[in-house]
Amino acid sequence: MRRVHPVLDVVSPIGWAVLAVAVTCWALGLLLHLTELNVVALVLSAPLVIAGLFVLGKSNYQVTLDLQTHRVVVGTRAVGRVEIANPTQRPILPSRIELAVGAATAQFMVPRLDAAAEHEELFAVPTKRRAVLVVGPVRSVRDDPLSLMRRQVTWAKAQELYVHPRTVRLDEAASGFLRDLEGTPSSDLSSSDIAFHALRDYAPGDDRRHVHWRTTARTGKLMVRQFEETRRSHVVVALDNLAEHYASDDEFELAVSIAASISAQTLREEKELTPFTFLERQRTSTFRRLMDDYTVVEPLKEKISLHELGQKATDLAANASAVMMVVGSHTTARELNSAANQLPIGVMAVAIRCVDDAEVKRSAIGSLDVVTLGSLDTLARAMRAVGR
């Protein structure tokens, strides 16, 4: 069957229908001695024979599919090329090449190739929306004008193209609330940190660099500096990806871009970062992996209470210094308050509501800062308002 199946696939559904009618007419015409049926059978058989001549022959191409980059941002064209070479010592007849790009298929003609000749086709993939597009495979196709038979051969495997969400950089004024060079002092003592606490007697194993020589000279015994341990800023970016909370697909895409922008800025500032959605957590080892994970975020159709987003923030990062919740226009004040109540006491909590074409507006629900915006380009201005 493995050998027969490719042969059977050459005939299209239309071809099988014509073949079935032709065989039936031949059988009835010869059995009943009806000349009319024999004529019909002959007329139907002729196109099948001609179609067979179109698909006969073997194409021995050497095909290379090359994408200039495997990661682009929404709105940026992805450029690639397909190179078709004839590695044989005999010419190859013209054929059609098909390149699958997501759900669409691009087609272009390959002329007659002489021995060792090459042909190159350049293509550009439009990237209007965030997605993971499968580019390829590359197939050579030979068929007849009536599409009765079609012979295709796959030459190059498919490749993935990540279309990352659009992000904006936040300047120092916009991201100032994330900056915490000395961290938040804690009650834990350490022999090496930033926040100075007191002096104590030297103990074996202490770092000689922390010896306070002036006090040592005055007291006659070695004294070392005692420090308080500090916490680095830990930013949590919680993206609400419940479909019911967004008025449109564009609104959801805005939310993804905002979450990705804040996460990217936190990563650039080398702060501790915990980004997540209801069911997934984005990787933060590299910028590329972070954007890859935001690329595959999809809206959920499930019914989930928003307070679970706040509870998950507490579970994943109990020592967070700032929690940024990115939500849609259909999220109610009660839901936001419920989610904020799940956060640890003392954490800086900000909710960013994405509303189509809305102006930047700041409000508060208890201790929760709420910023409403309708464009990614206004994110920096909105963050500056939070920083005041």
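Thr 88 is placed in the loop between strand S3 (78–85) and strand S4 (95–101). Helices (H or I, at least four residues) and strands (E, at least two) are DSSP runs, numbered from the N terminus. The model is predicted, so local features need pLDDT of at least 70 and side-chain atom pairs count only at pLDDT 80 or more, while totals for chains, interfaces and linings use all residues. Residues are numbered from 1 along each chain as its sequence is written, and side-chain values use heavy atoms, with hydrogens and water left out.

Thr 88 has a relative accessible area of 14% and is therefore buried (buried means under 20% relative accessible area, exposed over 50%, partly exposed in between, with a 1.4 Å probe and protein chains only). Its side chain makes a polar contact with the side chain of Asn 86 at 2.6 Å. A polar contact is a pair of N or O atoms within 3.5 Å; within protein, one must be able to donate a hydrogen and the other to accept it, and residues adjacent in sequence count only if both atoms are side-chain atoms. A polar atom of the Thr 88 side chain also lies 3.0 Å from the backbone oxygen of Arg 90. When neighbours within four places in sequence are left aside, Thr 88 is in contact (heavy atoms within 4.5 Å) with Asn 60, Ala 115 and Ala 116.

## Arg 77, an exposed loop residue

Arg 77 is found in the loop between strand S2 (71–73) and S3. Arg 77 is exposed because its relative accessible area is 63%.

The C-alpha atoms of Arg 77 and Thr 127 are separated by 6.0 Å, although these residues are 50 apart along the chain. Neighbours within four places in sequence aside, Arg 77 is in contact with Val 72, Ala 124, Val 125 and Thr 127.

Strand S13 (residues 234–239) is mostly covered, with 6 of its 6 residues buried. Both of its faces are covered: one side carries the buried residues His 234, Val 236 and Ala 238, and the other carries Val 235, Val 237 and Leu 239, also buried.

S13 pairs in the parallel sense with strand S14 (residues 272–276) over 5 bridges; two strands pair if DSSP finds at least two bridges between them. Within S14, Phe 276 is the bridge partner of Ala 238. From S13 the chain crosses through helix H6 (residues 249–268) to S14, in a right-handed β-α-β crossover. Right-handed here means that, with the strands pointing away from the viewer, the path from the first strand over the helix to the second runs clockwise.

S13 is also joined by 5 bridges to strand S15 (residues 322–328), and the two run parallel. In S15, Val 323 stands opposite Val 236.
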